[in-house]
Amino acid sequence: MPDSTPAVQHTGATPLLQTVGLTKRYGTLLANEAVDIDIWPQQIHALLGENGAGKSTLVKTVYGLIQPSEGEMRWQGEQMVLSGPSDARARGIGMVFQHFSLFDNLTVAENVALGLDGKESFKDMSARLEEVSRVYGLPLNPKREVWQLSVGERQRIEIVRALMQNPKFLILDEPTAVLTPQEADQLFIVLDRLKAEGCAILYISHKLAEVKRLCDTATILRDGKKVSTCNPKAETAASLARMMVGGEIGRVKAAANRQTNVPRLVVNDLTLAPDDLHGVRLQHVSFELRGGEILGIAGVAGNGQDELFAALSGERLAQDPDTVVIDGRAAGHLSITQRRKLGAAFVPEERLGHAAAPRMKLSENALLTGHAASGMVQHGFVNTAAMLKTVDRATEAFDVRKARRDPEAASLSGGNLQKFIVGREILRSPAVLVVSQPTWGVDAGAAAVIRQALLDLAASGAAVLVTSQDLDELTEITDRIAVMFHGHLSEPMATVDASREKLGLLMGGSTLEQKEAAHAAGA
Amino acid sequence: MQLVLEKRAERSNAIALISPLIAIGLTLVTMSILFAMLGKNPISALGVYFIDPLVDGYSLQEIAVKATPLVMIAIGLSLCYLANAWNIGAEGQFLIGAVAGSWLAVKTQGTDAGPWVLPAMLLLGAVGGALYGLIPAICKVRFGASEILTSLMLVYVADLLLDYLVRGPWRDPKGFNFPTTAEFDPVATVPVLIEGGRLHLGGVIALVVVAAGAVLLAKTIKGFEIRVVGAAPRAARFGGFNSNQLILLAFAISGALAGMAGIIEVAGPVGHLQPGISPGYGFTAIIVAFLGRLNPIGILIAGLFLALTFIGGEQAQIAMKIPLDVTKVFQGILLFFVLACDSLILYRFKLVFASPKVSRGAH
């Protein structure tokens, strides 16, 4: 396949790392098929692709976590076989995972010590930790316990830990997914500096704007195969997306004249203590959501979004019934089943284990939330035909792709399962839909279907509350946006007025008043 | 070359069906080795164990009689295990059911009480077993106490209570000081189905319990709730199902069935209350529940199979002087293989040739 744009010039004759015909097979599934990639020093190389395109498999192979089925890797021109991650680290390959491997109850220094080979004393290591974090502008207090830190700070630990091994090659898996826009800018400065120092960086992301800005080369994977290696700066976001998806993605369309009318979901001064040690306390959360309207809640993960979802769904009950009002009825004291009977529907963030029972059939998962208010249960007996009908309707309306009519939930891909779960709720024609991370880990095609479904639901007069960490998604579908920080919810603002800068500041904890005050002082 | 376990994309229904058979096969191989080590001919020992009881009418009836309590208890246990509640104390619930029902039999002894006595005894047995089963359930729900420990420890309490009653207040005055109650009156006895035979009404009750269990699990919302709570607790809460309530329900049903099995055993084959009314039915039923894949029909088959091991064990002791405890060894090995083979439902074995690790020497 011809490259669409010429890749940039390289320093040196041989690449730092080369994969030649790298193939990984799981049974009959080809996770990677004959992938050739050249990684050069002093370059930030983007790895793009949808979920399931094989990005994770590829980097895990390069980091020694997976053995390739075929093909080989060359390190500075010589064949390299990795027996494990420690082998990779010994050569100077470092990796920062999307999901942190940190112990909440240990300090920063203790966590770093656990990831190193332990040849130096704890005191020397702590001193080096402070030095590395200072030099790279990644401030960390080695003595603090991890559970007290924000997600951005936790990521800093992972990065510093990788930097302390003096890597020649650093892999970052979706590093900005959990950061505010300002924190992401900070990270880019660090990465540019590492690049200037000669380090090679492999950067996995699906945020195309970011990749265009930061990366020198981009390799695009689709269905396990390399589609292209190109210069992202010479491409448009649309052309990159086309290569990732292999076709055009339909843009979502909002209905032209949407009526916002009566309040259908009202939250009044909701304060709720966390039910576990590391949870977040909800503090005086108030908002009003009208029929026909989509309200977005932005914020860095772990700022009380999960707690708010549980309080709205009724998985946790509030003391005062009036704190949550669904369609005019005080519901703070009602169970999730009673709230569903009032016309509310919920889609939690975790698909497997929360929204759906993984090892149960789709029809049973339809019953999971449909038992309260549909014909699926009569006199205590379940109506299998009605359950299957819901599966069929969701399959048809939302293009759920599956091997059989009624497979286990866990056998579906993330995107198809999410379409089923969203479909299951929307088919009940809810008055209020509360949905958390609707397109998390979902391929672009499915994400477009889901976003369109949310817009259509609002157009039909329902109130929709969307919690997401993806600002692009919120900007695309919401009417108003509020930001959650440390259990507080900001005053919602019209989406047209919500600049990334404004949202980013709120996500980082500064209130608008403070900013305006600072602005006034500066002027 | 190495052997690895690889996760399957979806559970294999074919393996789910044959995994108990693989387990039985592996158990038989292990037992043959054991018999050979005991100096017995494995083929004839297995013949005495598993074939002889099946060709004799009396033994066949006896198998059904032994399977009755096993199946009833295991159906209840399967509800607990599906809900992820580990009731290990069915033996105790069985004994308390026997005691509670026997109370009425002892109190009405020699009076001209009518045919209501037996149904009332069965009801008392069920209620007694249910209440006894609720003790560990309440301790779990209310205080977070491990039901595995509490339910097991309550077995010994029940055992000693029964012992006290038949040695003290309920002892038969004409019983030559043996620790037993008097023989129950005919109205307090479970009738036999065939005149002069051993098969009794309890067998029919067990079949009804199997059918009810199958309907409950496959066709009712409560059965679904029990399964979800065990399989995905967070999804169950999201579904609006109250896990504490379901744990109490599962323990109550389980205790009731064990208790009823207890009083049926006492009012049927035994005929009076005495220590040692159970050769460990409550524990063997755990194996029955798992061998039957926690599925009512599977449990019926597994119950008959384990009853066969009891009868075969007795015959092997008589015919070949093989110790009766070998039966318990057999049951233990069987449970071990059943649980081990279950991993094949979600995983498969795979031979991996020439992994890169091996070829590293050539580098």
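What percentage of contacts in chain A between residues at least 6 apart in sequence join residues at least 24 apart? The share is 69%, a contact being a pair of residues whose C-beta atoms, placed from the backbone, lie within 7 Å.

This is a predicted model, in which local features need pLDDT of at least 70 and side-chain atom pairs count only at pLDDT 80 or more, while totals for chains, interfaces and linings use all residues. Residues are numbered from 1 along each chain as its sequence is written, and chains are lettered from A and ligands numbered from 1 in the order in which they are written.

Chain A contains 17 helices and 23 strands; these are DSSP runs numbered from the N terminus, helices being H or I of at least four residues and strands E of at least two. The C-alpha trace of chain A spans about 70 × 60 × 45 Å along its principal axes. Of the 523 residues in chain A, 46% are buried, that is, with 20 or more other C-beta atoms within 10 Å of their own C-beta atom, placed from the backbone.

Strand S11 (residues 263–272) of chain A pairs with two strands, where pairing requires that DSSP finds at least two bridges.

The contact between the chains takes 30 residues from chain A and 22 residues from chain B. On the side of chain A that touches chain B, H11(A) (362–370) gives the most, with four residues.

Notes. Two residues are in contact if their C-beta atoms, placed from the backbone, lie within 7 Å. A residue is buried if 20 or more other C-beta atoms lie within 10 Å of its own, exposed if 12 or fewer, and partly exposed in between; C-beta atoms are placed from the backbone.
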